[in-house]
There are 2 protein chains.
Amino acid sequence: MNPEIPRITIADVGRHAGQTVEIDGWLYNLRRGGKICFPQVRDGTGVLQCVAVKSNLPEETFEKLKDLTQESSLIVRGKVRAEARAPGGYELDVESAEIVQRVAEADPYPITPKEHGVDFLMDHRHLWIRSRRQHAALKVRHHVIKGLRDYFDSHGFVLVDTPIFTPAACEGTTTLFEVDYSETEKVYLAQSGQLYSEATAASFGKVYCFGPTFRAEKSKTRRHLTEFWMVEPEMAYADLEEVKRVGEEMVLFVIGRVLENCLEDLKALERDVAKLEAIKAPFHRMSYTDAVKKLQSKGSEIQWGGDFGNTDETLLTDDLDRPVMVDRYPGTVKAFYFQPAPENPDLALGVDFIAPEGYGEIIGGGQRIHDLDLLLKRLDEHHLPREAFDWYIDLRKYGSVPHAGFGMGVERFTAWMCGLEHIRETIAFPRMLYRTRP
Amino acid sequence: MNPEIPRITIADVGRHAGQTVEIDGWLYNLRRGGKICFPQVRDGTGVLQCVAVKSNLPEETFEKLKDLTQESSLIVRGKVRAEARAPGGYELDVESAEIVQRVAEADPYPITPKEHGVDFLMDHRHLWIRSRRQHAALKVRHHVIKGLRDYFDSHGFVLVDTPIFTPAACEGTTTLFEVDYSETEKVYLAQSGQLYSEATAASFGKVYCFGPTFRAEKSKTRRHLTEFWMVEPEMAYADLEEVKRVGEEMVLFVIGRVLENCLEDLKALERDVAKLEAIKAPFHRMSYTDAVKKLQSKGSEIQWGGDFGNTDETLLTDDLDRPVMVDRYPGTVKAFYFQPAPENPDLALGVDFIAPEGYGEIIGGGQRIHDLDLLLKRLDEHHLPREAFDWYIDLRKYGSVPHAGFGMGVERFTAWMCGLEHIRETIAFPRMLYRTRP
């Protein structure tokens, strides 16, 4: 109504103390007395307590405000006042208000402060994301992704997006999603960009891809989604040790960003921040063989040659305050493309980073085979048709170099940062085998 | 061989003049004389001319270098010397060299300096990306994406990824890809994140999603891919004018980044940089109705009510040095969710940004319907089932606000920056209906 009143965001309110400003938002909560009411307004950047005094406002405005329904949209104008007792340190003394859309009493906002079941909340995910904890988790996700990209962009990596539509599988085929691509062709949704990144690393030296990946996970676990985002760096002229160095540096960089930008969000999530502050270099290092011994000594029934389950991963780290990098797995539990260890060709030069607090594997990577003959042998051993991998084989014919890389899933890492039990809260619209809506 | 010699990248060579360094790369080109040869080495960050003098090297090393095959991988060590005549201003006087993998004479690198057909090059895309022009285009793409993300991250937008697996279609269904999701369900690959971003904007105020989108484009045009990346900002409490303001600011921000970081790449692409430097605010503004009049006056057969084809878009901008924002299209050519113009409900509050030089529509966006009854009416008119849009309808019940946003395709924008005729060169592994390999 008054164009001279600046529209600001709640995040910026501290820079406008003493000024009359406009906030465009939604009613988050409301306390009321007879001649005063306290609408809490959220605008996506924060929540601000407003103070509406009956005697200072047109009667109609006060009446509308005091009976306003949760999540109604409104524009408030008023003076910003420092108030030590307010959550953010400021309050707004309302001078005028405009209700943009009043949520009907007969059809109220479905998510109330009372407890709701998970299915109900997931059915209302499009609204649930407005809730404080969900909002906080997605803000952390934003900073995790920005941290990852900034890390790679500032360390000489080139972003090269790899394709989603792929004719061949990188790993096993039981979890592939099939697409009716054309009348004559079926394709699959990528589970990893790695094979393609090996090609782009030979063009750019250091690359990363960062996009959604797809896995038809039948298991309903708290660690799996059918659609999740993964960052995958790949480096030419690099070995297993370089994967450990870069992975560790990257994890620390991102944790630094989260601690720098997300303290309020972590507080809303009741995250024990000290646990994140304790993550420092150097991470623990352990061979697969030693990890098996440690697990056995702690009562696990794992035998050498077996892969770790969730329980093993948790057991392995329950006495650790930082991630452990487990390397040199038996070649039999790893994919065809792993370079064998020089001291024992039955071991693969792969490494998994296992996060503490039961968050499990956050990084998987290693050194790839660069020798043509060995690659051909492995393809045959894994019954993978050479024709499907012709271009991948070419990389070993034309300027092959030792190279290595890794993948990290955004959701699991974000869950760790947030201290969330289930990764479904780390993505706006999670997809599971029995959940494709909203 | 000598751990004290620092491994550097060619991009950094200027900081090491007079020093002995190591470069790990590939043989890009080779000129030779009897007692001297000039291997040009590329490492992904640049190309460096090396000088190998027979009398300064072990005979075996010189012999290996002088007959080295294109794209063989090698490690060279030597002293960096400023050399005004060299392309990058520096040369390397080779002191030692190690061939990592020699490309066999019998099976030489397929892409030679001679001309190759497009199909041949596309079949060898995994190698073609090493060529100077392809490398340059993908570097520009990297900076376009980084520019876009940095713009939104620094202007209060929160990245909220929207789902790829979607039960319902945002636009027409003829170009949807269908996925066998589970035994009982089919889903579709997202063509846009917009509808979901409307939900997240109500949580965060200003959001963007940025991911791959999918369209089963049957037409074999130089402007279309089946898989392409799109950035889509969405803003609560925003209108059509705000879309124009943000879109213009964003385009200028990204062009600034490209000019700042990619001059060498644009040179390799023979791009007329003056054309990009000429892009300044304000962009041209024109109503759809005036655009139709202009086109008719230039000989187009378009009638009021029709959508612009590629030819019209080119004709509309052939006398312009910067983009034109065309707004207020007939509602009939736009999707169901457009807010009607207040002065004439037959017009949609949509805007397209048409780039000069024939690059066509780079941005499409507008203001969305925020009124519940109008949205329901439009869904019915478009024969879209309300059940499928129940959550989208909810957004109009619970705190609806005027909101607006737009989408921009990365590949088309990158093609414009690079001056490329076909967008297939702006993505590492382009997917078209008849091209899913490599």
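Predicted model: local features only at pLDDT ≥ 70, side-chain atom pairs only at ≥ 80, totals over all residues.

Trainee: What makes the number for chain A and chain B a buried area, and how big is it?

Mentor: Chain A and chain B bury about 7400 Å² between them. The sum runs over both parts, so that figure covers the two sides together. Carbon and sulfur atoms carry 59% of it. On the chain A side, Tyr181(A), Tyr237(A) and Tyr398(A) lose the most area to chain B, together 11% of what that side buries.

Trainee: How many residues are in contact across chain A and chain B?

Mentor: 91 residues of chain A are in contact with 91 residues of chain B.

Trainee: How do you know that the copies meet through the same surface?

Mentor: Compare the two sets: 100% of the interface residues of chain A are also interface residues in chain B, so the surface is the same one in both copies.

Trainee: And why do we speak of a two-fold rotation axis?

Mentor: Chain A goes onto chain B by a rotation of 180° with 0.0 Å of shift along the axis, at an RMSD of 0.0 Å. The two copies are therefore related as by a two-fold rotation axis. If you want to find the axis on screen, go to Val179(A): of the residues of chain A, its C-alpha comes closest, at 2.4 Å.

Trainee: Why is the pair Asp150(B) and Lys146(A) called a salt bridge?

Mentor: The closest N and O atoms of Asp150(B) and Lys146(A) are 3.9 Å apart. The cut-off is 4 Å between a side-chain nitrogen of Lys or Arg and a carboxyl oxygen of Asp or Glu, so the pair qualifies. The count between chain A and chain B is 8 salt bridges, and there are 55 residue pairs in polar contact between these chains. Helix α4 of chain A, residues 132-153, gives the largest share of the side that touches chain B, with 10 residues. By type, that side of chain A divides into 47 nonpolar, 18 polar and 26 charged residues.

Trainee: What makes the salt bridge of Glu22(B) and Arg77(B) a tie between separate parts of the chain?

Mentor: The side chains meet at 3.0 Å, N to O. Glu22(B) lies in strand β1 and Arg77(B) in strand β4 of chain B, so the pair ties together parts 55 residues apart in sequence. Over all chains, the structure holds 91 salt bridges.

Trainee: How do you know that β8(B) and β9(B) pair, and what do they form?

Mentor: At least two bridges are needed, so a count settles the matter. 3 bridges join β8(B), residues 178-180, to β9(B), and the strands run antiparallel. With 5 residues between them, β8(B) and β9(B) form a hairpin. In that pairing, Glu178(B) stands opposite Tyr188(B). Strand β7 of chain B, residues 165-166, also pairs with β9(B) in the antiparallel sense, over 2 bridges. There, Thr166(B) has Tyr188(B) as its bridge partner.

Trainee: What is the peptide bond from Arg437(A) to Pro438(A), cis or trans?

Mentor: Cis, with omega near -5°. In chain B, a cis peptide bond joins Arg437(B) and Pro438(B), with omega about -10°.

Note on methods: Residues numbered from 1 in each chain as written. Chains lettered and ligands numbered in written order. Heavy atoms only, no water. Contact = heavy atoms within 4.5 Å. Buried area = accessible area lost by both parts, 1.4 Å probe. Polar contact = N/O pair within 3.5 Å; in protein donor to acceptor, adjacent residues only side chain to side chain. Helix = DSSP H or I, 4+ residues; strand = E, 2+ residues; numbered from the N terminus. Nonpolar A, V, L, I, M, F, W, Y, C, P; charged D, E, K, R; others polar. Least-squares fit on C-alpha atoms with pLDDT ≥ 70 in both.
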